[in-house]
Amino acid sequence: MLETLPALATAVAVVAVWQWAIGHWRIPPYLLPSPGQVATAAWEKRAALVQAFAVTARGAVAGLATAAVVGTALAILFSQSRMLRMAVYPYVLFLQTVPIVAIAPLLVTWSGYGERTVILVSAIIALFPILSNVTAGLLALDANHRDLFRLYRAGRVPTLLRLRLPTATGHLAQGLRISCGLAVIGTIVGEFFVGRGGDSPGLGAVMDRWLAMGKTDALIAAVLLSSLLGLAMFAAVSLLTDRLLRRYLPGTGD
């Protein structure tokens, strides 16, 4: 409980400064509503916000899961062939450097207005941290362990299953923690693009709609809810990785 007090004090201070700034500079509500107006809008729009939160959470979880599966599979392939790693990894970096807002319209064209495109955008953004972390983990073998496996003439598959994957588990957990926030961002970006033509009113879609309607108070409420979703995803991923992968994580093994 004591550990949360500094963060709560910071939140109270931010809200106080926010309220003071509105009164001091007489900022009109359409530019920056007061904290009370945002809370009122959140209550009035609670049904739409809860539904949008659930849709965005579903897309972010699906995007993160897709990125985890694809990223781990690619990392395993990279760990088995240096030539393959040298041939493909630069293009993975290239994909990471392309702004997602630049390729999102193309993804909508190819995949259509629907949840599949949202998950695809989310997975692309979340992929690289998982891929790079797991690849590094699969290649970061202890020299003594590697020599022991060579001494017993262990093949690729036993070495992968009994040495490389356990070594990379901590790196996978770290990649998932980094990517869970990115998956939320990717989902909302995808919803911005498919929201007007799709039937999935996620947080990105309702933010786009309320922006066009000038409902700044509801828009800020949706932004705060998006941040809450990112924190919830991070907490859930941290809890799951600590519970399920505990024996493989550094400093937590039995």
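Modeller: The largest nonpolar core has 41 residues, and L49, L64, I130, L203 and M233 have the most contacts inside it. By nonpolar core I mean a set of buried Ala, Val, Leu, Ile, Met, Phe, Trp, Tyr and Cys residues joined through side-chain atoms within 4.5 Å; buried is under 20% relative accessible area, exposed over 50%, partly exposed in between (1.4 Å probe, protein chains only). This is a predicted model, where local features need pLDDT of at least 70 and side-chain atom pairs count only at pLDDT 80 or more, while totals for chains, interfaces and linings use all residues. Residues are numbered from 1 along each chain as its sequence is written, and side-chain values use heavy atoms, with hydrogens and water left out.

At least two residues of this core come from each of α1, α2, α3, α6 (115-139), α8, α9 and α10; helices here are DSSP runs (H or I, at least four residues), numbered from the N terminus. Take L49: leaving aside residues up to four places away in sequence, L49 touches A42, L203, W210, A221, A222 and L225, with contact meaning heavy atoms within 4.5 Å. Apart from that core lies another, of seven residues, including I103, I124, I125 and V189.

Now for α9 (residues 203-213): its buried residues are L203, G204, A205, V206, M207, D208 and W210. They pack against α3 (46-80), α8 (156-194) and α10 (216-244). Just after α9, G214 takes a positive phi of about 75 degrees.
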